[in-house]
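Thank you for making time this morning.

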Amino acid sequence: MSLKTVGAAFTRTLLARGNKTPPLDRCPRGRGLSTTCRLPGERKQGREKIKAECSCSGSERSTADPLHRCSGADKKRAKEPLGTPGAPGGVRSRSFTSTAAPVDKKSFLWTRYNDMKRLVHDLIPPGACNLLNSATIYANNEVNLAEVDIYGFDYDYTLALYSDALNAMIYNKATEFLIEHFKYPEGIRKYDYLPNFAVRGLHYDIQKGLLMKIDAFHYIQPGTVYRGLSPVPDEEVLQLFGGTYHVPLQQDSGFYGKGPRVKQFMDIFSIPEMTLLAVANDFFITNDIDYDPVHLFKDISEAVGMVHLKGFMYKWVMEDLAELILRGDETEAVLHRLSSSGKKLFLITNSPFIFVDRGMTHMVGKNWREFFDVVIVQADKPHFFTDCIKPFRRLDGNGDLRWEKIRSLDKGQIYKQGNLFDFLRLTGWRGSKVLYFGDHLYSDLADLMLRHGWRTAAIVPELEQETKVVSTDRFALSLTWMQALTGLMERLQTHRDPESQQVFLEWQKEREELRAMTKNMFNPQFGSIFRTCHNPTYFSRRLCRFSDIYMSSLSCLLNYDLSYTFYPRRTPLQHEAPLWMDQLCTGCMKTPFLEEMSHIR
């Protein structure tokens, strides 16, 4: 359930006095939202309840303020003309919810504030978000699994999930390369790895040396710009970007987010690189050493790349499979279930065969290749999906290249490189009957969805932790009140006298504090990977664009039968009335409970 959607729905219910949306009912168990939408003829009792809780409160009425259903005496009153906002001739007076007579505008505004706060606390269902399940699969687009015959997989962070300890090892080795190979100061080695500093999806301004979070509209989120390990004041950010928070990503970053001026870090392996960039920048700044941020970015990118190219990461994982690979038994369960149901499976990964073989043997067993109809290693994605130059090469049992021309892709064989165009020609697997799983939105999913019409599924491990935060009562109450306060400010902003403006300044300050508090609950520096205050992040926008469905891990498939249809939630657009209340009518009940779905396992 989107808490922001719920908060907005509550705000509309409370503020749009007189709209025909029924008030929120408690479910019979008293622990969740009602799972039944009321018919229009059943709304009378609900309206009476709202009357009792919030009788007609006084305010200036504008043409945008819907009529409020008041008492019988009010109904008999002659109609008065409605004026434009702020026009005295068109103001209709109302009684205060408070029994005290209104003394001044300031008292009136605080009365509305207190009424709203009480209603938010009274109407938010107890434990409303405890129903959220981190094992849920979320839909951006409607997907019917009964129509999917072929399942494809990436390997790293898809079939194989890794411990956070691997990121620390990559960071330490890249730091060593930076100092010993690129001759950077020894003092950088004193910085320990900071596992909770950066989050996935951030952008890095290569020329300015700034790590920052950007929303779906290409605007920087204030308070999330870091130079080194220190936040950059918002005023300085505006100066650096020419008086605006907007970043022209199309020209600065390109489709795949790789520059030339701005780089987006989209995969989980990039977190150590972001941390090392922040640490190195911090070292030069705090020690007042002159340096070029462009050179620093290039050298750190190469140092991190050396960890992978020289095989250190592969070596560490193969030497300690039990500690570094997580939840391998769940991967085996997914593959067994799909294969036994007659589905065709294939693997396309950039990792080398020996590494994949060791990992899959650990998770699934020595006969792991029997699950897959096609296995392709060192595929060089995303070029595998866009180029048609590299041919397939077959590997023998020792992993050595064979020289014969590939005329078919056979089960039990291992292939290297190749390209998607030959893959489609040799297999005939096209369109929406193919569902491919990967963690990298660009390298794994973008071209498959946009160019080839495959169904795509994104693996987002961060969902597990973010769901836990969203499920807390503190977050739910804070977000709902912040949305209600925002709606209150929107509706009452026509009060422009000095006293009212002073009240609005206090409300604005509280709103900013609420924003900061909810952000810090995810990550103190950058907040949620999905939200920048109220807007989706740029990462979230790409996630919605390039994936039909997304989930925290591949094992989420175990909670659904293979004829299940995933439906995206229809939430009102800004210009639409909230006449369908998906979250309020069914809440999280559409989210499968592990207990109720256990028979599928």
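**Salt bridges in the predicted model**

Let me begin with a network of salt bridges that links Asp154, Lys381 and Asp444, where a salt bridge is a side-chain nitrogen of Lys or Arg within 4 Å of a carboxyl oxygen of Asp or Glu. This is a predicted model, in which local features need pLDDT of at least 70 and side-chain atom pairs count only at pLDDT 80 or more, while totals for chains, interfaces and linings use all residues. Residues are numbered from 1 along each chain as its sequence is written, and side-chain values use heavy atoms, with hydrogens and water left out.

In total, the structure holds 22 salt bridges. One of them joins Glu462 to Arg200, with the closest N and O atoms 2.9 Å apart. Glu462 lies in helix H17 (residues 462–470) and Arg200 in the loop between helix H5 (165–180) and strand E5 (203–205), so this pair ties together parts that are 262 residues apart in sequence; helices (H or I, at least four residues) and strands (E, at least two) are DSSP runs, numbered from the N terminus. Both Glu462 and Arg200 are buried, where buried means under 20% relative accessible area, exposed over 50%, and partly exposed in between (1.4 Å probe, protein chains only).

My last pair is Arg451 and Asp447, whose side chains form a salt bridge at 3.2 Å, N to O. Arg451 and Asp447 are four residues apart in helix H16 (residues 441–452), and so are separated by about one helical turn. Arg451 is exposed, at 54% relative accessibility, whereas Asp447 is buried, at 2%.
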